[in-house]
Amino acid sequence: MLIPSPETFSPPSGPPRHQWAIAALFLLAILLAVFLNAITAMTKPPQLLTDPFLQFPTPTSVRVVWFTEFPGSQHTVEYGSNLEKIAGATTTKLSHTREDAQSQVGGALAALLSPQGTLTEQITERDIWRHEAEITNLTPGERLPYRITSRNEDGFSVTSATFSLAPAPLPGTPLKILLTSDHQVKPMVAPNLQKVVETVGQVDAVFHAGDLVNIPDRASEWFDDNRGGAFFPCLQGRARVTLEQNGITTTYHGGQIIQNAPIFPTLGNHEVMGRFSMTTPLNDQFADAFPRSRAEAIYQEKAQEINPDNQPLVRDAWIQNNSFNTDTYEEIFSIPSKSPGGKKYYAVSFGDLRLVVLEITNMWRPNGLSDKTKGKYREPDYAINKPEMWGWGQHIFEPISQGSEQYRWLEQELNSPEFQQAKYKIVMFHHPPHSLGENSLPAYTDPVQILEQDATGRITIRYEYPKDKDYIIRDVVPLLEKAGVQLVYYGHSHLWNRFISPSGMHFLESSNVGNTYHAYVGKRRRQVPQGYQEEYTATGNPNGLPPVMPNVAPLLDDRGEPMPYIASNEITVFSILDTGAGTVSSYYFDTRQPNSPVVKFDEFRIK
């Protein structure tokens, strides 16, 4: 590169010669900085975006997955008692990961940041590569050390620390499994997971009941949010979350968990992105999920314009981009995909238990009732004549009603030998069948749209949710009880409470992990519509079962009375399923007292 010097740069006229010299020196400094940055980038060792984590174990294999921000030339797993074996990884690029003005990011994107640490551009594609290696011919019950190495295009490599892996455990193996949900980059997730490791040690698996992040296409929420509490760092002991309570500042790092134990995730409403755009902010896209049936109807009206050659791939892509998708969730995780729903619902055997994961989640909308609210109970007045702007209430993403494809699959699974022969039968999904929280209302059913016109001609669009058509209570729960399910585990309302059906089936919501949205008991009432046809319960559990009082050390209310729930933004909760003892134990940690012990406050048997 030729760089002009002050001595040879002689303009015929204009500013004095010394000003041209200063300008030339300034240009030289810029070019030198660019050159040095390029050299640094070429010689700087590559970095891993995550530690490796374990996925999809079988009796003789397990998959190792990790992420980088470079495609690389070679990615491998070394494993064995002396790390003497090598397995190559398959690399794919995440298709939808992006950042926007509301992202909290740094690292490779630092050049795009404003002084406040947020992106200055509206939408920025973020290139992230996923690497997966299947480790085969493993022996059940034998745990082996492993580590990963990624080599970039310039020949430089980075190697992780050494962790351990194992195939799926055999029946009879005692296991400790973490039950968690609703992380969403909330402040108490890091202390929660740190206390899991300090209290229980290394768990054997993680069952996550959904809402892993807030905005699934925002990459930083998975990997490197500047606030320190992104999804993977918290579960891998690499978080850095600082809480200040009572004048005491404490930094929490989460727990080194999924490097050594597989995670089994669930689709929650926060794993679903709405209508796709490269200009609309990601938060708005997330809130813009549109019913698939309506998108299909619009496509049929405009098919000749959209897809004149009638290509199936074009049709499917248009409908998905104009309704909702779970692409990032499905691309991140290795999940059994034998069900008709692919990765969206599945079943696995793990030791003495059979885990059935269902897609029971719908579009969350606010419960406001003003004429400007696009909510669960109404459309805003400004959109009355614009159906493309309607929210269509809390529409369901995947049908689970009797006769639906997912319901028929569930019937088959509950009748399978793998399920029926399992000692423990566990079903996990996101939406609560029983809860004291806000999200237990309205009924889990298809919204019924009602158009009303008053005497002045003003039109209102509202939605009803018939309680007797709640698909979870009416269709799913009776099926699970008949099949002998012992535990139904779920999240969504960000609190801890549990229930027992008359047949003895346990219901557990252990989602007061990162924060709470309250329990609606006593004087705290849900905002519900008045004068509607259906009943909308303002307090308590809308579906009738009374909550079970914690039987070890319940928290007390202001009057000193024990409470059948934990709903706190200062006290965080986790639960452990122990298959050796046949128990589910729940613990809390008070972040206001960082040196206080973790307290077991409830335990029940599922044998």
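The side chains of Asp225 and Arg227 meet in a salt bridge with 3D positions that place N and O 2.7 Å apart, where a salt bridge is a side-chain nitrogen of Lys or Arg within 4 Å of a carboxyl oxygen of Asp or Glu. Asp225 counts as buried because its relative accessibility is 5%, and buried here means under 20% relative accessible area, with exposed being over 50% and partly exposed in between (1.4 Å probe, protein chains only). The model is predicted, so local features need pLDDT of at least 70 and side-chain atom pairs count only at pLDDT 80 or more, while totals for chains, interfaces and linings use all residues. Residues are numbered from 1 along each chain as its sequence is written, and side-chain values use heavy atoms, with hydrogens and water left out.

## Salt bridges

By the rule above, the count comes to 25 salt bridges. Three of them are set out here.

| Asp225 | Arg227 | 2.7 Å |

Asp100 is buried because its relative accessible area is 0%, and Arg218 counts as buried at 4%. Salt bridges that share partners join Glu69, Glu99, Arg126 and Asp224 into one network.

## Tyr377 and Tyr465 form an edge-to-face pair, because their ring centres are 6.2 Å apart and their planes stand at 85 degrees. This pair links distant parts of the chain, with Tyr377 in the loop between β18 (353–357) and α9 (405–414) and Tyr465 in the loop between β21 (459–464) and α11 (471–482), 88 residues apart. Tyr377 is buried at a relative accessible area of 1%, and Tyr465 counts as buried at 1% relative accessibility.

Trp496 and Phe601 also pair edge-to-face, at 4.8 Å centre to centre and with 80 degrees between the planes. Trp496 belongs to strand β23 (residues 496–500) and Phe601 to strand β27 (residues 599–605), 105 residues apart. Trp496 counts as buried at 0% relative accessibility, and Phe601 counts as buried at 1%.

## Nonpolar cores

A nonpolar core is a set of buried Ala, Val, Leu, Ile, Met, Phe, Trp, Tyr and Cys residues joined through side-chain atoms within 4.5 Å. The largest nonpolar core has 105 residues, and those with the most contacts inside it are Phe67, Phe207 and Phe333. The largest share of this core, six residues, comes from α11. Apart from this core lies another, of 20 residues, among them Ala295, Ile384, Trp392 and Leu441.

Key
Phe/Tyr/Trp six-rings, centres within 6.5 Å; stacked < 30°, edge-to-face > 60°. Helix = DSSP H or I, 4+ residues; strand = E, 2+ residues; numbered from the N terminus.
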